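Good morning, and thank you for making time for this presentation.

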Amino acid sequence: MSSPAELREGYEHFDPRAYLRNNYLPPRADFSSEEFVVPWKLRCLAETFASGEIRGRTLIDVGSGPTIYQLLSACDHFEEIVATDYLAVNREELGRWARGEPGAFDWSPFIQHVCKIEGRGEPWQDKERRLRERLRRILPIDVHRPEPLGAPLRPPADALLSAFCLEAVSPDRAAFVRALAHVGNLLRPGGHALLLGALGESFYLAGPARLPVVPLEESDVREALAAAGFALRELRSYAMPPALRTGVDDVDGVFFAHAQKPLEA
């Protein structure tokens, strides 16, 4: 398996726009049915945040990539959202959307769908504006360092979210566990962690980049969270249907995990 250094070299060829085309346009981003993968991910997040349990001052999104869909339900429950990514090209893509610049990726179908499933009758433009207001920082991060941001987050985050990051930047399961523990350092005791990730995936494409992924099963996710010191609250999984196996990866499915960092003794 690749080393972290080899993985970093591979990511130098990562094309954010190709990644967005592969995963966040049809057929995968089809909102006509809950059977499609993107509506499934959005519902997992919407239902979890709807409980009202996960809230506070700061949410940190670890390895945001060039995407904001994972923050749409979160933005109603936090004063500040901190997005992060290792790659400058992804941070630049996020910044273009946050500033409302022409040519930024159009996330409006995602925002409209989240407003629909949340069922509050809110104009989607209000949610878009609120997320832009609360997305106050976009920072570089390296999850392979014990202090992923280079220094402690002060105060620590009340919640942590990470979508399709850790398994895609770790050379093996042991590194995946270490990365989980490292990002846990950004979270306050008792804070919540929400993870979306790939099951049974060994690679994905992003333009000229063909990037390795640690193939995970549900049992690996459970064991990794426990080894990293998290208490698992919920684990859901989604099987990728044949129609969505488009050749841009070899993913078998997707997991959603809600875990909690224990209170200090």
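Asp126 and Arg129 form a salt bridge, with their closest N and O atoms 2.6 Å apart. By salt bridge I mean a side-chain nitrogen of Lys or Arg within 4 Å of a carboxyl oxygen of Asp or Glu. Both residues belong to helix α6, residues 124-134, and stand three residues apart, about one turn of the helix. Helices here are DSSP runs of H or I with at least four residues, strands are runs of E with at least two, and both are numbered from the N terminus. An α-helix has 3.6 residues a turn, so residues three or four places apart point the same way. Asp126 is partly exposed at 27% relative accessibility, and Arg129 is partly exposed at 45%. On this scale, buried means under 20% relative accessible area, exposed means over 50%, and partly exposed lies in between, with a 1.4 Å probe and protein chains only. Salt bridges with shared partners also join Asp76, Glu118, Arg120, Glu122, Lys127 and Arg130 into one network.

The model is predicted, so to speak of a local feature requires pLDDT of at least 70 and side-chain atom pairs count only at pLDDT 80 or more, while totals for chains, interfaces and linings use all residues. Residues are numbered from 1 along each chain as its sequence is written, and side-chain values use heavy atoms, with hydrogens and water left out.

How many salt bridges does a search of the whole structure find? The search finds 23. Among them is the pair Arg99 and Glu101, at 2.6 Å from N to O. Arg99 is exposed, with a relative accessible area of 55%, whereas Glu101 is partly exposed at 31%. Another is the bridge between Arg43 and Glu34, whose closest N and O atoms are 3.0 Å apart. Arg43 has a relative accessible area of 28% and is partly exposed; Glu34 is partly exposed as well, at 32%.

Is α3 mostly covered or mostly open? The helix is mostly covered, as eleven of its 14 residues are buried. The buried residues include Trp40, Lys41, Leu42 and Phe49. Just after α3, Gly52 takes a positive phi of about 80°.

I turn now to the aromatic rings. The count comes to 14 aromatic pairs. Rings of Phe, Tyr and Trp (its six-membered ring) pair if their centres lie within 6.5 Å; planes under 30 degrees apart count as stacked, over 60 as edge-to-face, and the rest as tilted. The rings of Tyr11 and Phe14 have centres 5.8 Å apart and planes at 25°, so this pair is stacked. Tyr11 is buried at 9%, and Phe14 is buried at 8%. Phe14 is found in the loop between α1 (4-11) and α2. Ring pairs link a cluster that includes Tyr11, Phe14, Tyr19, Tyr24 and Tyr69.

Tyr19 itself is found in helix α2, residues 16-24, and is buried at 12%.

Finally, the backbone. Most residues other than glycine have a negative phi, and most peptide bonds are trans. A cis peptide bond joins Pro26 and Pro27, with omega of about 10°, and Pro27 is found in the loop between α2 and α3. The bond from Arg154 to Pro155 is also cis, with omega near -10°. Phe164 has a positive phi, near 55°; this residue lies in the loop between β4 and α7 (173-184) and is buried at 19%.
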